[in-house]
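Please open the model in your viewer and keep the selection panel at hand.

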Amino acid sequence: MVRFGIIGTGRISDWVLKGAEQDPRIKVTAVCSRSEQAAEAFVARGVKALVIACNTATSAAINALREQYPDLIVIGIEPALKVAADRYPNGHIGVMATPV
């Protein structure tokens, strides 16, 4: 059985949780909304992987979490802004984000 935690709130984390619950080999330890505090709690619970199911949390925390926990698998949702910036390098891009 693989134990992992989900960081994020909203539709993406709900989708990830529903998918994980359908696989009997996976045990979701918890779902939290604050990246740094959640990661510490998940590591203490013995998770082997961490899913950051939030664009904003991925942008704000994924590099630091990967650095802090090099033996932990940290999976993030690629921020849509990255794709938009690649497609429209000279254009204007609007951004809406969850407060961090």
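Select strand 3, helix 3 and strand 4 together: they form a right-handed β-α-β unit. Right-handed means that, with the strands pointing away from the viewer, the path from the first strand over the helix to the second runs clockwise. Helices (H or I, at least four residues) and strands (E, at least two) are DSSP runs, numbered from the N terminus. The model is predicted, so local features need pLDDT of at least 70 and side-chain atom pairs pLDDT 80 or more, whereas totals for chains, interfaces and linings use all residues. Residues are numbered from 1 along each chain as its sequence is written, and side-chain values use heavy atoms, without hydrogens and water.

Next, select residues 49-52, which are strand 3. Ala49 and Val51 point one way, Leu50 and Ile52 the other, and all are buried (under 20% relative accessible area, 1.4 Å probe, protein chains only).

Now display the largest nonpolar core, which has 14 residues. Such a core is a set of buried Ala, Val, Leu, Ile, Met, Phe, Trp, Tyr and Cys residues joined through side-chain atoms within 4.5 Å. Leu50, Ile52, Leu65, Leu72 and Val74 have the most contacts inside this core. Helix 2 (35-44), strand 3 and helix 3 each supply at least two of its residues, and helix 3 gives the most, with four.

Finally, select Gln68 in helix 3 (residues 55-68). Its C-alpha lies 9.8 Å from that of Glu36, 32 residues away in sequence.

Terms used
Buried means under 20% relative accessible area, exposed over 50%, partly exposed in between (1.4 Å probe, protein chains only).
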